[in-house]
Protein chains: 4
Amino acid sequence: MPPSVPDPARRNERSHRAILEATVELVAELGYEQVSVEAIAKRAGVGKQTIYRWWPSKGAVALEALDDRLRTAPGGGSSGSWPDTGDIVEDLRVQMYGVSELFTSREVGPLYQGLIAAAQCDPALSRAHLDQLIEPASVACRARLALAKERGEIRADADVQTLIDMLWGALYYRLLLHTRPLDLAQIDLSLDIVFRGLRDA
Amino acid sequence: MPPSVPDPARRNERSHRAILEATVELVAELGYEQVSVEAIAKRAGVGKQTIYRWWPSKGAVALEALDDRLRTAPGGGSSGSWPDTGDIVEDLRVQMYGVSELFTSREVGPLYQGLIAAAQCDPALSRAHLDQLIEPASVACRARLALAKERGEIRADADVQTLIDMLWGALYYRLLLHTRPLDLAQIDLSLDIVFRGLRDA
Amino acid sequence: MPPSVPDPARRNERSHRAILEATVELVAELGYEQVSVEAIAKRAGVGKQTIYRWWPSKGAVALEALDDRLRTAPGGGSSGSWPDTGDIVEDLRVQMYGVSELFTSREVGPLYQGLIAAAQCDPALSRAHLDQLIEPASVACRARLALAKERGEIRADADVQTLIDMLWGALYYRLLLHTRPLDLAQIDLSLDIVFRGLRDA
Amino acid sequence: MPPSVPDPARRNERSHRAILEATVELVAELGYEQVSVEAIAKRAGVGKQTIYRWWPSKGAVALEALDDRLRTAPGGGSSGSWPDTGDIVEDLRVQMYGVSELFTSREVGPLYQGLIAAAQCDPALSRAHLDQLIEPASVACRARLALAKERGEIRADADVQTLIDMLWGALYYRLLLHTRPLDLAQIDLSLDIVFRGLRDA
DNA sequence: CTATAAACGAGACGGTACGTCGCGTCTTGTC
DNA sequence: GACAAGACGCGACGTACCGTCTCGTTTATAG
């Protein structure tokens with residue numbers, strides 16, 4: 001056992017939490033790139049080694065910090081239980097509104113942008129991002145859409161995954177490309193476009 | 001005038017080109033983050049100062065290198081002249097196929113991912129990216145869609161910008177999130193979804 | 001009594017010995033500086049705290065380890081009983097030969113060099129070194145020289161301490177400066193020089 | 001040329017000197033071990049890399065700093081030109097007095113002790129120490145002693161190197177072992193002992 | 001057809017952060 | 001309560017690049 005994985009049972013939870021919180025605070029204050037592991041350690045009152053002992057990189061800390069924030073956000077980070085009012089468009093709208101709000105928040109927005117940027121050159125981080133954030137949300141969304149299909153709200157031959165890619169893609173497009181600010185009206189417009197033709201005649 | 005803007009007329013075009021090409025090569029070989037300005041200078045056989053004289057950052061070099069590659073690519077980087085076969089869906093498909101091909105190419109893909117990542121924390125670079133790449137393409141696409149609207153291929157009340165955001169958003173979503181590889185079939189599926197309801201009844 | 005001196009009666013002698021032996025082994029293998037307290041603990045199969053409980057520093061462990069080796073060496077580390085053959089030069093030669101042998105041994109040489117080096121910046125360690133090693137040997141040597149003086153082997157006005165400093169100084173000079181290897185012939189030469197004029201005419 | 005030795009012609013002499021002086025100051029203030037390369041860099045107003053570019057280790061900096069101090073000290077660090085009054089004992093005394101003064105000075109003493117300590121575990125440093133400090137001084141001393149031998153001040157069969165080892169050994173012994181403070185009277189005593197028998201009857 | 005000023009290659013510089021190592025202390029069971 | 005194990009806060013290590021700053025050396029007009 002050369003890397004000699006540390007024992008999670010002996011982990012100092014006080015330090016653990018301090019690191020996650022320092023990360024969120026600093027990224028909100030300075031921006032993702034401007035935050036160094038050293039700065040996180042200093043702010044958290046922690047040794048640098050304690051960060052490197054439990055995470056492989058700044059990106060991994062950011063991911064857990066983000067995950068932590070989403071988990072404690074209303075709606076469980078849009079990944080937990082999806083609403084089912086019987087109206088799929090309405091339910092999608094509510095979820096997308098929630099995500100849009102998070103994306104534009106001072107704490108989550110820059111953190112998430114930085115995380116996705118870091119993941120471009122870090123396959124392990126990208127994997128973790130997909131597994132911990134994207135895939136759970138995607139699963140829940142697909143389940144809700146499958147329900148809508150059974151009920152005939154959506155045409156039986158519609159490709160649900162492509163539908164998700166477009167709706168969420170539009171949000172990420174604005175988050176990452178900064179063409180124009182995220183805005184709720186455009187969520188309505190996008191839902192309008194895709195659902196005009198998806199309902200069975 | 002102490003900093004004194006350098007004189008473009010006296011610029012060494014040999015070095016200029018060598019820098020752009022070294023950048024493309026190195027990013028393709030090592031990945032965006034792993035490439036340093038020092039490495040580009042060394043590979044190009046150029047002094048570091050020559051890079052900093054003409055560009056403000058590695059990202060700016062990458063943007064010009066990318067722009068250069070796109071300009072010499074078939075289709076003029078999808079920004080120049082859009083085709084007009086009379087069938088808007090077919091024309092969009094052709095353009096999106098082209099972009100998809102670029103995104104998956106060994107040279108352009110990683111370079112563009114890295115560029116977008118760098119732009120997350122560099123507003124000037126983000127601005128330049130929008131102005132030089134995104135906006136021209138968007139303008140051309142909007143023009144082609146306006147034509148389609150005039151011809152009644154698209155409903156008069158459809159929001160053209162949101163349409164673009166969704167279609168391109170789906171592509172960028174897969175480019176940047178790495179949920180699944182870019183693939184032409186999904187372009188067809190996405191066009192299918194959005195155009196079912198956009199045609200006037 | 002928060003720090004509360006540990007109770008020597010409850011000391012684990014097995015661990016005690018393992019630490020001293022691990023220290024000697026590791027220093028012989030890797031050199032003094034390359035050996036860390038952590039490495040000693042690991043090699044001895046002992047917790048780090050067990051070392052810090054009984055010694056104030058690595059140097060202190062090294063001193064005890066060295067002392068332990070010398071005590072079990074022939075001649076009692078040249079500090080115990082000095083020979084008295086009636087010929088002071090011969091007796092000095094025998095003692096110096098013994099020390100020279102220890103200085104050039106794989107186990108004692110590097111350990112002692114490292115110890116003296118560490119003592120340069122650690123007054124407590126220096127003090128302990130003098131008290132435990134240097135002074136006892138010096139006392140015994142002075143006693144033997146006093147005997148020689150009484151017998152008229154040495155001039156009555158000779159300064160015995162300076163004599164010791166020169167003879168031993170020459171040995172330490174070569175041990176610590178590495179000008180040339182320690183060698184028995186030079187011991188003979190040095191004895192020859194100092195005793196030519198010390199005998200009463 | 002992988003390590004790519006830097007070009008001495010382009011060296012910043014201002015930084016060079018600042019580093020040597022910061023080293024001397026800091027060692028005098030804090031002691032050798034307590035001085036880190038980082039502290040030297042900070043005090044000298046220099047990047048750490050500038051130190052590592054020109055020296056392999058803290059010890060090497062210390063050696064040059066020491067050499068620099070000795071070179072500018074009266075007597076050229078006892079290595080340059082030896083006096084020749086015609087009386088070898090007197091000339092040796094003068095030189096040893098000078099060295100003794102340096103050894104007890106606040107600037108040179110701790111620096112030299114630390115250097116010798118560091119050299120115990122750094123063969124390259126030890127080599128450099130011998131070549132730059134010890135050997136030149138030794139050569140000059142041997143030359144003066146050879147002269148004395150020619151003149152019959154010293155017996156023809158005396159081993160000059162051993163003589164040097166003893167005289168200087170006694171000084172280093174007190175410098176490094178701290179048995180008692182260096183003191184001029186003991187220099188006289190040691191000269192007295194060795195020269196009683198070295199003069200031709 | 002110089003000469004002169006600029007852009008150039010090379011790379012040393014003052015810095016910042018990296019990820020690692022070892023320090024000496026603290027914590028958690030086990031014997 | 002001493003012990004093995006090892007996480008902790010800390011601080012220095014030696015490295016990699018950053019962006020700036022000299023250095024000569026081309027080089028390409030302007031006199």
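A salt bridge is a side-chain nitrogen of Lys or Arg within 4 Å of a carboxyl oxygen of Asp or Glu. By this rule, 6 salt bridges cross the interface of chain A and chain B. One of the pairs is A:Asp165 with B:Arg174, whose side chains meet in a salt bridge at 3.0 Å, N to O.

**Confidence**

Chain A has a mean pLDDT of 91, and 93% of its residues reach 70 or more. In chain A, confidence is highest in helix α2 (residues 37–44), at a mean of 98, and lowest in helix α9 (residues 184–196), at 92. Where pLDDT is low, predicted coordinates should not be read in detail.

**The interface of chain A and chain B**

How many residues of chain A are in contact with chain B? There are 42, and they contact 42 residues of chain B. The area buried between the two chains is about 3700 Å². Carbon and sulfur atoms give 64% of that area.

On the side of chain A that touches chain B, the elements that give two or more residues are α6 (108–119), α7 (123–150), α8 (160–177) and α9 of chain A. The largest share, 15 residues, comes from α8(A). By class, this side of chain A divides into 22 nonpolar, 12 polar and 8 charged residues.

**DNA strand E**

DNA strand E is surrounded by 39 residues, and the closest are A:Tyr52, B:Asp7, C:Lys48, C:Gln49 and C:Tyr52. The surface near DNA strand E has 10 nonpolar, 15 polar and 14 charged residues. Several helices each supply at least two residues of this surface: α2 and α3 (48–54) of chain A, α3 (48–54) of chain B, α2 (37–44) and α3 (48–54) of chain C, and α3 (48–54) of chain D.

**DNA strand F**

DNA strand F is surrounded by 39 residues, and the closest are A:Arg53, B:Lys48, B:Gln49, B:Tyr52 and D:Tyr52. The surface near DNA strand F has 10 nonpolar, 15 polar and 14 charged residues. At least two residues of this surface come from each of these helices: α3 of chain A, α2 (37–44) and α3 of chain B, α3 of chain C, and α2 (37–44) and α3 of chain D. Of the atoms of DNA strand F within 4 Å of the protein, 64% belong to sugar or phosphate, and the rest belong to bases.

**Polar atoms of the protein and the DNA**

| Protein atom | DNA atom | Distance |
|---|---|---|
| N or O atom in the side chain of A:Arg10 | base oxygen of DNA strand E | 2.9 Å |
| polar backbone atom of B:Gly45 | phosphate oxygen of DNA strand E | 3.4 Å |
| polar side-chain atom of C:Tyr52 | phosphate oxygen of DNA strand E | 2.4 Å |
| polar side-chain atom of A:Thr50 | phosphate oxygen of DNA strand F | 2.7 Å |
| polar side-chain atom of B:Gln49 | base nitrogen of DNA strand F | 2.4 Å |
| polar side-chain atom of C:Arg53 | phosphate oxygen of DNA strand F | 3.0 Å |

In these pairs, A:Arg10 reaches a base of DNA strand E, and B:Gln49 a base of DNA strand F.

Conventions: Residues are numbered from 1 along each chain as its sequence is written. Chains are lettered from A and ligands numbered from 1 in the order in which they are written. This is a predicted model: local features need pLDDT of at least 70, side-chain atom pairs count only at pLDDT 80 or more; totals for chains, interfaces and linings use all residues. Side-chain values use heavy atoms; hydrogens and water are left out. pLDDT is the predictor's confidence in each residue, from 0 to 100. Helices (H or I, at least four residues) and strands (E, at least two) are DSSP runs, numbered from the N terminus. Contact means heavy atoms within 4.5 Å. Buried area is the accessible area (1.4 Å probe) that two parts lose on being put together, summed over both. Ala, Val, Leu, Ile, Met, Phe, Trp, Tyr, Cys and Pro count as nonpolar, Asp, Glu, Lys and Arg as charged, and the others, Gly among them, as polar. A residue is near a molecule or strand if one of its heavy atoms lies within 4 Å of it. A polar contact is a pair of N or O atoms within 3.5 Å; within protein, one must be able to donate a hydrogen and the other to accept it, and residues adjacent in sequence count only if both atoms are side-chain atoms.
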